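The entries follow the order in which I looked things up.

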Amino acid sequence: MRRFALATLACFAFTAAAQAQTADRVTTFTLDNGLEAVVIEDNRAPVVVHMMWYKVGSADETSGKSGIAHFLEHLMFKGTETMEPGEFSRVVAANGGSDNAFTSYDYTAYFQRVASDRLELMMRMEADRMRNLVLDDEDMLTERDVVVEERAQRTDSNPGALFSEQRRAAQFLNHPYGRPIIGWRDEVAALTLQDALDFYALHYAPNNAVLVVAGDVDPDEVRALATQYYGRLPPSENLPPRARPAEPEHLSARHMEMVDDRVSNPYVIRTWLAPERDAGAQQDAAAYTLLAALLGGNSATSHMGNLLEQTEKSALYTEAFYSGMSLDDTTFGMLVVPVPGRTLEQAEADMERALETFIEEGIDSAKLERLKAQVRASEIYGQDSLQGRARSYGAALTSGLTVEDVQMWPATLEAVTEDQILKAAKSLLDLNTSVTGYLTNPSAEEATQ
């Protein structure tokens, strides 16, 4: 009993420490022109991460203009009326910092990591290119060629990437999540300077942006600087609502196969439509998050890993995956790489059996508690990454969530019950929203015939 009491006290102490250390000191404000801002105080080192997030991604593009969001991300490193092309990054580097950008389905973001006394310089430069970008045909043609080559290297030359692109197009029948972020090759090659200028003028504005500043800063000083540099910028008057084409009801399962002689390890993958994290209602997403970890997270401890890799030795690798950070419905997936000599049809049957036995056997409460403890620990360790914390808020606010949702996410995961996880698992038995894909090579394909 004494050992139990000590263990219980240690557990409570750990939980209290987790709550204390993961409670970000966050300040929010909104400027008169619509710019939202989040300030995360962390005074452990004289460093700051400055991020500008735009509420526009590839899913907000006009039909026929796929890739324009990512293309504009490249063009944003060209010049303004006061800065030469490439000068932005050169100034950041000269001040001992680093910078980059990324585009997703729901947002485009730009960031710099610098000494905290360089924050004002970052704001001045980022505000400058928010509304004063200068582009010409030469800039456009050069960077368009860069994007086309990027697609050639990352997607067209990679059978796994091509396969993923084709599967996603099959998964989303009408929603623009079915388009690749980098764009379809022919559409990217046809983008024009006017396409870029129109997209920039409409979407790159303070009332369509979220500023996130994390590090050794004072919230009042950040607000004063934001007002000075961003507050004077005019909002976009014609900003459209983020209304995407609706996904119709899925009435049948889809199956696809891709054969490529560059594939070394054939695999089967199945994805289903799944709910995203919704503001004020993240419980379903939390259940799918824990389901992915229990079903196919760590190969050594997950259900699929134990059954197919360790016990039966029928698979080289197994995985279940899910990410709820999405403005609209997302996907849940399972993947099996079979051992040599085992067909993809057999691997698909193994995957289905693993799901069924997971539901039949129920959830080991001790394993679930260990998983939740790992989540609590990861939240604590995550505090060491300024950029990671800034990114969690930026991605959330540009994907329909709130600061409160970000802060409540660990507690939401903690509150998920075994029944909620099993309910999420049972939803995967409905194949109507699923796409099953085989990626294989000619020799493996011939062996099955």
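**Entry 1: α4 and α9.** I began with helix α4 (residues 119–131) and helix α9, which spans residues 219–229. In this predicted model, their axes lie 9 Å apart and pack at an angle of about 30 degrees. I therefore recorded α4 as roughly parallel to α9, since angles under 35 degrees count as such. I noted the crossing of α4 and α9 as right-handed. On the α4 side I listed L119, E120, M123, R124 and A127 as making the contact, and on the α9 side V222, L225, A226, Q228 and Y229. Sorted by class, the residues of this contact are seven nonpolar, one polar and two charged.

**Entry 2: the nonpolar cores.** Which residues touch the most other members of the largest nonpolar core? I found M123, L211 and Y230, in a core of 53 residues. Helix α4 supplies the largest share of this core, with seven residues. I then looked up Y230 and, leaving aside neighbours within four places in sequence, found it in contact with L31, N33, L35, H50, M52, M123, E126, A127, M130, L211 and L225.

**Entry 3: F88.** I placed F88 in helix α3, residues 87–94. Is F88 buried or exposed? Its relative accessible area is 4%, so I recorded F88 as buried. Not counting residues up to four places away in sequence, F88 touches M83, D99, Q112, M125, E126 and R129. For the pair F88 and R129, I noted 41 residues of separation along the chain and 9.2 Å between the C-alpha atoms.

**Entry 4: α10 and α16.** I turned next to helix α10 (residues 283–296) and helix α16 (residues 418–427), whose axes come within 8 Å and cross at roughly 80 degrees. Because the range from 65 to 115 degrees counts as roughly perpendicular, I recorded α10 as roughly perpendicular to α16. From α10, I listed Q283, A287, Y288, L290, L291 and L294 as meeting Q420, I421, A424, A425 and S427 of α16. The contact of α10 with α16 has eight nonpolar residues, three polar ones and no charged ones.

**Entry 5: T412.** I located T412 in helix α15, residues 403–415. Its relative accessibility is 14%, so T412 counts as buried. Beyond neighbours within four places in sequence, T412 is in contact with Q282, Q283 and A286. I noted that Q283 is also one of the α10 residues that meet α16.

**Entry 6: two loop residues.** Where does E249 lie? I found E249 in the loop between α9 and β7 (254–259). At 65% relative accessibility, E249 counts as exposed. The C-alpha atoms of E249 and T433 are separated by 8.3 Å, with the two residues 184 apart along the chain. I then looked up K313, in the loop between α11 (303–311) and β9 (315–322). K313 is exposed, with a relative accessible area of 56%. I recorded its phi as near 55 degrees, a positive value in a residue other than glycine.

Technical notes: Residues numbered from 1 in each chain as written. Predicted model: local features only at pLDDT ≥ 70, side-chain atom pairs only at ≥ 80, totals over all residues. Heavy atoms only, no water. Axes fitted to C-alpha atoms, helices over the stretch in contact; angles between N-to-C directions. Helix = DSSP H or I, 4+ residues; strand = E, 2+ residues; numbered from the N terminus. Parallel < 35°, antiparallel > 145°, perpendicular 65-115°, else oblique. Contact = heavy atoms within 4.5 Å. Nonpolar A, V, L, I, M, F, W, Y, C, P; charged D, E, K, R; others polar. Core = buried A, V, L, I, M, F, W, Y, C linked by side-chain atoms within 4.5 Å. Buried < 20%, exposed > 50% of the residue type's maximum accessible area, 1.4 Å probe, protein only. Left-handed = near helix turned anticlockwise from the far one by under 90°.
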